[in-house]
Amino acid sequence: MFVSDILSQKGGSVFTVTPGTSVAQVAQQLSVRRIGSVLVLDEDGGVAGIVSERDLVRALASHGAAALELEARQVMTRDVVTCDPDESIDQVMATMTSGRFRHLPVVRHGELLGLVSIGDIVKARIEETTHETEALKAYIVAG
């Protein structure tokens, strides 16, 4: 199974903000949309950064309540690792595990195609394992 398979099921819709979006607005949208991160796009539509729940916690720990007045550009992770839609689920799992992050933008030739989360990856892996198990059971029964 590949990242493109996940995007074909969940779609490529990604909630994004500008670098000037306030941390308070980012936190509000994470809560309302029940998501764990938001991509920060530059004026050309390229990925400039990502703000995750972890980034918000770090900002609050450093700045207290004043963190809510900061802008996304001040708290975002700048070195965003991305993946290609043709990468396998196993490759993406390894990338997420080694990088210790839970959200991975899907980019091809500079174009943002979607975002996959660790939850998406686990769900796809479970589905893949279930299909393999059912195929093996059918093979054994057919004998």
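A residue is called buried when its relative accessible area is under 20% and exposed when that area is over 50%. The views below show a predicted model.

**View 1. Buried and exposed residues of helix H5.** Helix H5 spans residues 89-99, and its buried residues include Ile89, Val92 and Met96. Seen down the axis of H5, the buried residues fall within an arc of 65 degrees, so they line one face of the helix. Thr97 and Ser98, on the other side of H5, are exposed.

**View 2. The surroundings of helix H5.** Arg100 follows H5 and has a positive phi, near 55 degrees.

**View 3. The largest nonpolar core.** This core has 14 residues. Val17, Val26, Val38, Val40, Val51, Ala72 and Val75 have the most contacts inside it. At least two residues of the core come from each of helix H2 (23-33), strand S2 (37-41), helix H3 (53-63) and helix H4 (72-75). H2 gives the most, with three residues.

**View 4. The contacts of Val17.** When residues up to four places away in sequence are not counted, Val17 touches Val26, Val38, Leu39, Val40, Leu41 and Ala72. Val17 is also among the residues with the most contacts inside the largest nonpolar core.

View 5. A separate core has twelve residues, among them Val3, Ile6, Val92 and Ile121. Of these, Val92 is a buried residue of helix H5.

Key
Residues numbered from 1 in each chain as written. Predicted model: local features only at pLDDT ≥ 70, side-chain atom pairs only at ≥ 80, totals over all residues. Heavy atoms only, no water. Buried < 20%, exposed > 50% of the residue type's maximum accessible area, 1.4 Å probe, protein only. Helix = DSSP H or I, 4+ residues; strand = E, 2+ residues; numbered from the N terminus. Arc of directions from axis to C-beta. Core = buried A, V, L, I, M, F, W, Y, C linked by side-chain atoms within 4.5 Å. Contact = heavy atoms within 4.5 Å.
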